[in-house]
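These are my notebook entries on a structure that I looked up residue by residue and contact by contact. I record each item in the order in which I consulted it.

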Amino acid sequence: MTAWVTGTLSGVLVLVVITNFYILNTGRYVNAVRAVALQGCLLSLLPLPQALAGSPEAVFLAAGTMIVKGVLMPLILVRVIHSTDEFRVVHPFLGPVASVLLGFAILAVAFRAGAAIPGAVHPHDALMGAVGTATVLCGMLIMVNRRKAVGQVIGFLILENGVLVLSLRISRGLPFVIELAILFDVLLAAMIFGGFIQSVHAQFSHTDVSRMRKLKG
Amino acid sequence: MTALLVGLGLWIVGGVAGLFGGRRQPAVSAALAVVGSALGLGAAAHVLQTGAPESFRAAWPMPYGEIHMAVDPLSAVFLAPIFLLGALASVYSIGYLHGRDDRQVGRAVFLFHLLAVSMCVVVCVKNAILFLLAWEMMAISSFLLVLLDSRQSEVRHAGWMYLVATHIGTAFILVLFAWMGTVAGSFDFDDWRSLPSSSESRAGAWFVLALIGFGAKAGFWPVHVWLPEAHPAAPSHVSAVMSGVMIKTGIYGLVRVVTFLGPPPAWWGMALLSAGLVSGVLGVLFALAQHDVKRLLAYHSVENIGIIALGLGGALLGQAYGMEEAAVFGLAGALLHVVNHALFKGLLFMGAGSVLHATGTRDVEKLGGLLKQMPATGTTFLIGSASISGLPPLNGFVSEFLIYVCFFKLALGGPAVCGAAGAAAIAGLALIGGLAAACFTKVFGVMFLGERRTPLAASEAPLSMTAPMAVLAAACILIGLFPAVSASVLIFPVLASETDHLLSMTSVLTWVQLSAAVLVGLGIAVIFFRAWIFRGRPVSRAVTWDCGYSAPTSRMQYTASSFVQPFIDLFQPLIQPRERRHDPHGYFPKAASYESHADDLATRGIFGPLFGWIQTFAEKWLWIQQGRVQTYLLYVFLTLAALLSFQMFQ
Amino acid sequence: MTGETAQFAKDILRQWVFVLAAAPILPGLAARTKSWFSGRKGPPVLQLYWDILKLFRKGTVYSRSTTSVLRAGPVISFSAAMAASLMIPFGGMEAPLTFQGDLILFAYLWGLSRFFTMTAALDTGSAFEGMGASREAIFSCLAEPALLLGFLALAREAGSLSMSDLLSVGLIRIWSIHAPALCLVAAAMAVVFLTENSRIPIDDPNTHLELTMIHEVMVLDHGGPDLALIEYASAVKFFVLGALLVRIVYPIRSGGFWDGGEVLLLGLAALAVLVGVVESTMARFRLSRIPQLLTLSFVLSGFGVILSLAAPR
C-alpha cells in the first residue's frame, strides 16, 4: 500500500473521531445529523485500498455507503427533526463538557483495546481498530445520554458506523453481499425509527424516552 | 547528632518553661526555640553537606529494641523545614497569642513545643515502636492544640474528626509495622532495609497499608477530610506548622517505607499518581469554592500533597520502567516541593492569621482593601500566593518544573501506558496550576485589594508576626532565584544517584536560574524605565472607572463568590454546591442574594454514610449498656471466664 | 567565559530588538483586514506604534482605591512576555534561552503575566474588572492543559523538551509521517492562540460594552505609559504565540538568525490577516460555550498525544 493511501486512511479515521466529538458536544440535532452525514461520507472512503486494488465490489460498496449513510439517512433524520419540532438537545444527563471528556477517556481506552485486536498487517490497522471501538462506545454514550428519540437514533447510527470500521479492520471487509445487506437493514431501521418517532410525537406531543418510566407497572 | 539532641532539649525546656506562665514567657520560649532550631538546622545542614548519616543509640528498658535515632539526608530534608517553620511559628505566636489568658498561652506554648519535638523525632527515629510513640505524641499534641479554642462547638467537632481520622491512619500503620516487624524479626529500621522481598504480593499489601495509613496523615483524597476541619479551627501558627510540616511526616513515612520494599512494580507508581491527581484536582476545586480563608488554605494543602504524590508516583514509575533519570527528577521535585510547600503554606497561614488577628474574621467576603492597612502582611501574602501558584521566578515553580520534566521524560521514553500516565499527569498539573492561580488571585484580590467591604478596623500586625512572614517570603524568593544552588544543597544528597543524572538536573536548573535572572533583570530595567518616563509627568488621583454611575459603593465590588461562580458552574458535577439564590423579580426588585456552599465530597459521599452505618450497627448493641454496676462486673467476670476457658482448651 | 556571556547578551538583545520592532505591526494588520471586510478604510497598519508612542508621552490618572499592585501589573506582564519571547527560535538558529524543559517555563511565564494582570484588575475594586479577571482565570486555566499536551505531542515526536528542538528542521520529517497528529496539535494551538490573545470567538477586543469584555475590561483603569506597556505586551504575546503556531504549521528549514526570518514574518502577517478574517466572519461565542470550545481543543491535543503514543517507533 502506498504511503499516500495510508496517510489518507489515517486522516479519514482521525476525522471520524473528530466528528464523534463534535456530535458529543453539539446542542442541536440538525448539526449532529450533518456530522453523521459527514461521517458516512468519510466511511465511504475506507474501502479505498481494495478499490485501488481493482475490486469493483469495493467501489460499489463505497458508493452505496456514501448514498445511504451520507445522504439518505441524514435526509430522513432531518425530516423527522422538523416534523417533531425537537431541534435542541434538552437536559442531557451529562453536559457537553463532561460528555466530551468522557468520550476522550473512551478514546484512550479504545486505543489500548484496539491495539489488542489480533491480525494487524498494515500500519494503520491498530488505528482502525481503535477508532472502530471508540466509535461504537461513543454511539452507546450518545444513546444513553439523550432523552429524545432522535438523539437515540443518531447514537445508533454512530454505533453502526463503528461496527462498519471494525468489520473492515477485522476481516478486510465482510463479504460484499452481507455488507450491502447490513447497509439496507440500517436504512430500513432508520426509516422505521423515523415513522415511529413521528407517530409517537403525534400521539404524545413529545418523544422524551425518560418519561417511559411511567409505563412500568 | 549532639547538636540535634541539644537543640531538641532546648525546645523541650522552652516548652516546659511555658507551663510556668508569666507575661514575658512566650518570648523566652520562642528564644529557646530559635536557638534550638539553629542547632538543629546546623545538624541537618551538616548531614546534607557530608551526605553521611549520623546516628545515636541508647539502651531502653522496654521490649522490642533500643532507642535508635539517626539523621540521614532524607531525614535532614524533612528536619530542615520543621526546625525553620517551627522556630518562626514560635516567634509568631508571641504576637498571635498576645492578649489571651496566661494559662491558655502556657498550654499552647507547651503543646506547640511538644508537637515540634515529636515531629523531629518522627523523622529521625529508626525504631518502629519508637516511631509509633512519637507519631502518637505528634497526633495528640496537635489534637490538643486544635482544641485550644474548645468553647466553640465547631472547634470541638473539628478536633473530634481529626482525632478519629488520624487514628484510623495510625491503625493501618500499626498493622503495617507489626507485620513487617514479624517478617523481619526486628523493629529496627536498619534491619528492614534487607527485608526478604521474595513475595511481591506481600510487598504490594505493605505498600497499600502505607499508602492509606500515611496518606491519612498527609491528606490524600479521600482521607483528607480532617484537614479542612482541623486547620481552620487551630490557632494560626499551629495551622501553619500542621499544614506546612506535620502533614509532610506522612510523606516522609511513605517514602521511608517504600525504600524498605525493594524495586517497585509499575502499579505502585500508578496508584500514587492517581491519588495525586485526584487529590490535586479536587483539592484545588474545593479550595476555589471556600470563603473561609483558612479552610481554603487547608484545601490547598490537599492539592499540594497531591502534587508531591504526583512527583513520587513519577519517581516510582521511572524506576519501574527503568528510566532512572525521570525517577530522579520526580523524586527531586517531590522533595523540593515538600520544602517549598512548608515555606509558602506556612507564610500563607501566618498571613491569614494576621488578618484574623487584626479583623477577627476569616470570611473573605467581609474583608477588602487590607493591603493599605497591612502592607507587610499583604506583600508577603502576595509573594506566598504567587509561589503556591507555581509562578516563576518563585520557589513553587522550581519544584513543579522538576515534576513536569519527570513526566515529560516518562512520556517521551516510556511505553504507551507509561506515556499515557505521563500525559494525564501533565494535563492534571497544568489544570491544577491554572486553578490554583485563579484561587489565589481571588483570595488575595478580595482580601487585600479594592475597598473595604465592611467597616472592620484593621492595623498592621506586630513585628513578631510580620518578621517570620518576611523570612519565609525571602526564602521563597531565594529558592526561586537560585534553583540550582538550592537543589544541590537540599536535594542532591538524598538522591544518591548516578552523577550524570544529577549533572543533567544541575544544567537544566542552571538554565532556569539564568532565565529567572533575565526575567528579574528585565523587570528591574522596566521599573527604572517607567520611573524615568514618569519624571515630571502629571500623575493625578481619581475614582475607579464607574461606567458613569455616580454613587458607587464598596459593596458593588466583585465578591469572591461571584469571582468563582463560572468555576462552580463548570465543575458543578464534582463540587455539587448547595446554592441559595433569590433572583431579582419585577421592575423594582427587592433585595436579591446568592450564596453557595461546598460541602466536602468525601465527607458527604463516603464517610457520612459509612459512619452512619456504623452508628446504626452499634446502636443495636446499646442494650449492653445497662447502667448498673453489677451488670458491668458480670461482664468482667464473664470475659475472664471465657478467656480462661479458651486458654484451658488450647 | 566573558566572550560567551557577551555573545549570550548579544543574542538576547538581538531577539528583543527584533520582537519589539516587529510585534506592533500584527494587531494593525488584523484591524486593517477587519476594516477592509466591513468596507471601511480603517486605521493605518502602523497605528499601534503611534498609539504606544503617544501613550508613553502622557501622564496618568490612578484610582484612589489602587495600590502598587496596579502599577506592578503592566511591568510584570511586559517582562514576562519579553522573557517568553526568548524561547522561540526565530530564524533557523536556536533561541537564546534553550534548555531541556524550556517549554514548561514558556507556558508558566504567561501564567505569571496573567496572575498580575488579574490582581491589578482586582486592585481597582471595580465590578467590571473583577468580572473580566474571573473570566480570564477560567478560560486560561482551561487553555493551559491544551497547550502543554500539545507541547507533549510535539516533544514526543522530536524527542526533546526544548522549544528550539520542537520547532527545528526535524518537524519537516515529522509532518511527512505524522501529519494527522500534527494537524490536531496545530488546531488545538490555534484555539489556545485565540484564547490567550483575547480574540474572537473567545473575546472581542473591539467591544464597547464593559459587561462583555474579558481582557480589555481588566485594563480599564490603566492609562498613559502603563497602558502603553500593556498594549506592547499584548502585541508581543500575539507575535510570540503566533510565531509558535506559524512554525508548527510551516517548519523553517535552516540557516542563521535572519535566514528564514522573512518566512516567519510573512507567516505571521498571514496569521494576522487570518485573525482579521475570522473576526470579520464570526461572532463571539456565548460565554457559556467557551469552555466547550476549550475542552474540544484540549481533547484535540490529547488525541494528538494518543496518536503519537500509539505510533510504532
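**Entry 1: a serine in chain B**

I located B:Ser236 in helix 10 (residues 236–246) of chain B; helices (H or I, at least four residues) and strands (E, at least two) are DSSP runs, numbered from the N terminus. I note that the model is predicted, so that local features need pLDDT of at least 70 and side-chain atom pairs count only at pLDDT 80 or more, while totals for chains, interfaces and linings use all residues. Residues are numbered from 1 along each chain as its sequence is written, and chains are lettered from A and ligands numbered from 1 in the order in which they are written.

Is B:Ser236 buried or exposed? I count B:Ser236 as buried because it has 26 C-beta neighbours inside 10 Å. (Buried requires 20 or more other C-beta atoms within 10 Å of the residue's own, exposed 12 or fewer, and partly exposed lies in between; C-beta atoms are placed from the backbone.) Leaving out residues up to four places away in sequence, I found B:Ser236 touching B:Tyr96, B:Phe349, B:Met350, B:Ala352, B:Gly353 and B:Leu356. Contact denotes C-beta atoms, placed from the backbone, within 7 Å. I also looked up B:Ser540, which lies 304 residues from B:Ser236 along the chain, with 40 Å between their C-alpha atoms.

**Entry 2: chain C against chain B**

I found strand 3 (residues 539–542) of chain B paired with strand 1 of chain C in the parallel sense, over four bridges; pairing requires at least two DSSP bridges between two strands. Within strand 1 of chain C, C:Tyr62 is the bridge partner of B:Arg541.

The contact as a whole draws 66 residues from chain C and 64 residues from chain B. On the chain C side, helix 6 of chain C gives the largest share, 18 residues. I sorted that side by class into 41 nonpolar, 18 polar and seven charged residues. (Ala, Val, Leu, Ile, Met, Phe, Trp, Tyr, Cys and Pro count as nonpolar, Asp, Glu, Lys and Arg as charged, and the others, Gly among them, as polar.)

**Entry 3: chain C against chain A**

Here I found twelve residues of chain C in contact with 19 residues of chain A. Helix 9 (179–196) and helix 13 (290–310) of chain C each supply at least two residues of the chain C side, and helix 13 of chain C provides the largest share, nine residues. By class, I recorded nine nonpolar, three polar and no charged residues on the side of chain C that touches chain A.

Definitions and conventions. Contact = placed C-beta atoms within 7 Å.
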